[in-house]
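Let us walk through this model together, starting with rings and charges and moving on to the cores, a helix and a few backbone details. Please keep the structure open as you read.

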Amino acid sequence: APLQILTGFAMWCTWCIGHDAGHGTVSKSTKFGKGINRIVGEITHSMICLTPFVPWALSHKKHHLNHNHLEKDYSHEWMIREEADDMPPFIKATYYIRMAYLPFLYFIYLFTGIPDGGHVLFYGRMWEGESMKDKLDGALSVAVSVATAGTLWHNMGTSDFAVVCMAPWTVMGFWLFMVTYLQHHSDDGKVYTDDTFTFEKGAFETVDRDYGEGVNALSHHMMDGHVIHHLFFTKVPHYRLHAATQALQKGMKERGQDHLYKQIDTPDFTQEIIKQYYNNWFYINEENIVRK
C-alpha cells in the first residue's frame, strides 16, 4: 500500500505537467510550441495518467472560461442547497452515498460524463458545437490511453495491472479531486449568474491553499498558486506560479486590494477534503450566489 500511495502521488505530480501542456505553457515557441505541448500532454496524460489529453484539455479550458459560474462552470456542478428537496431521486440517492464513491470520482468524471460529458465516449455538453475534426483529434488521445492500458493489462495480467497500475491511478484521481475541490470551495466562496459573472470575479473566488512547502513544490505549486493560474492560465507556467503569486500578493497589498485574494493554510488536507465534501458535497448556499 505505501508504494501505491507514493506512486499515485508521483502520477499526480506528472499529471500537473500535462495540465500545463493543456494550457500551452510547457512551450510557447511560435514554431514548435503546439507540437511540443501535444507530445508532452499525450505522454504525461494519455499514457502515464490514462487521461485522454485532448478531451480533458477541451473541458478544462471551458472550466477556466466559466470558473464559478452557477450554470456554465465545468468540472464543478454547483447545486443549490435550498433546492435539495426538489432534486430528482437519482441525485438525492447519490448525495446519501457520497462518501462511498469519493475515491472514484475522477473515474466517474472521465467515463460517465458527469457533469461535463464523456472524455472517452464523446457525448454531453462539452462536445456541443465541436467539429468532427476536433472529435477525431480527441479520439487519437483516447486511442493512446486505451492502447497503453490494454498493453499493460495484456502483459501484466488482471491482478498485477490492478495492483501496480490502477491502485496508484485511483490515488492520483483522489489527489486530483481533492486539490480541485478545495481550490474552488471556501466558506465565503461565491458563484455568479449570467447577470453578474465576469472572468475576474470568478478567478478571485478560487483559493490558494498551502499544503506544506514540500507538497506544494512537488505538486508544481498547483495548490498555492491557483489564483494567479486562473487569472493567467495561458500565460504563467507551473515553474513561475510561486514567483507570480508572490508578485500578485505584493501588488494587491500595495493597492489595498488584498481583501480580494483568498489564501488558506491546509496542512491537514486529507481531513479537510473529507470534512468539506461530507458537509457540503456539491452544494452552494443561496446566500452565496450573486444574482444582481
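**A charge over rings**

R98 lies over the face of Y278, 4.5 Å from the ring centre. The charged end of R98 also sits over the ring of Y95, at 4.0 Å from its centre; a charge sits over a ring if NZ of Lys or CZ of Arg is within 6 Å of the ring centre and within 35 degrees of the ring normal. A word on the basis: this is a predicted model, in which local features need pLDDT of at least 70 and side-chain atom pairs count only at pLDDT 80 or more, while totals for chains, interfaces and linings use all residues. Residues are numbered from 1 along each chain as its sequence is written, and side-chain values use heavy atoms, with hydrogens and water left out.

Y95 also belongs to an aromatic cluster, which it forms with Y96, F177, Y181, Y277, W281, F282 and Y283. How many aromatic pairs does the structure hold? There are 24 of them, where rings of Phe, Tyr and Trp (its six-membered ring) pair if their centres lie within 6.5 Å, and planes under 30 degrees apart count as stacked, over 60 as edge-to-face and the rest as tilted. Take F199 and F233: their ring centres are 6.3 Å apart and their planes stand at 40°, so this pair is tilted. Because F199 lies in helix α8 (residues 199-203) and F233 in the loop between α10 (226-231) and α11 (241-254), the pair ties together parts that are 34 residues apart in sequence. Helices (H or I, at least four residues) and strands (E, at least two) are DSSP runs, numbered from the N terminus. F199 is partly exposed at 23% relative accessible area, whereas F233, at 10%, counts as buried. Here buried means under 20% relative accessible area, exposed over 50% and partly exposed in between (1.4 Å probe, protein chains only).

Now turn to the cores. The largest nonpolar core has 42 residues, and W12, W15, Y106, W175 and Y277 have the most contacts inside it. Such a core is a set of buried Ala, Val, Leu, Ile, Met, Phe, Trp, Tyr and Cys residues joined through side-chain atoms within 4.5 Å. Which helix gives the most to this core? That is α7, with 12 residues. Leaving aside residues up to four places away in sequence, W175 touches F9, W12, Y211, V215, M223 and F269; contact means heavy atoms within 4.5 Å.

L248 leads us to α11, whose buried residues are L241, A244, T245, L248, G251 and M252. They cover an arc of only 130° around the axis, which puts them on the same side of α11; the arc is that of the directions from the helix axis to the C-beta atoms. These buried residues pack against β3 (208-210) and α10, while K250, K253 and E254 are exposed on the other side of α11. After α11 comes G256, with a positive phi near 70°.

Some backbone details complete the tour. I114 and P115 are joined by a cis peptide bond, with omega about 5°, and P115 is in the loop between α5 and α6 (132-156). H220 has a positive phi near 60° although the residue is not glycine, and H221 also has a positive phi, near 60°. H220 is in the loop between α9 (213-218) and α10, and counts as buried at 18% relative accessibility.
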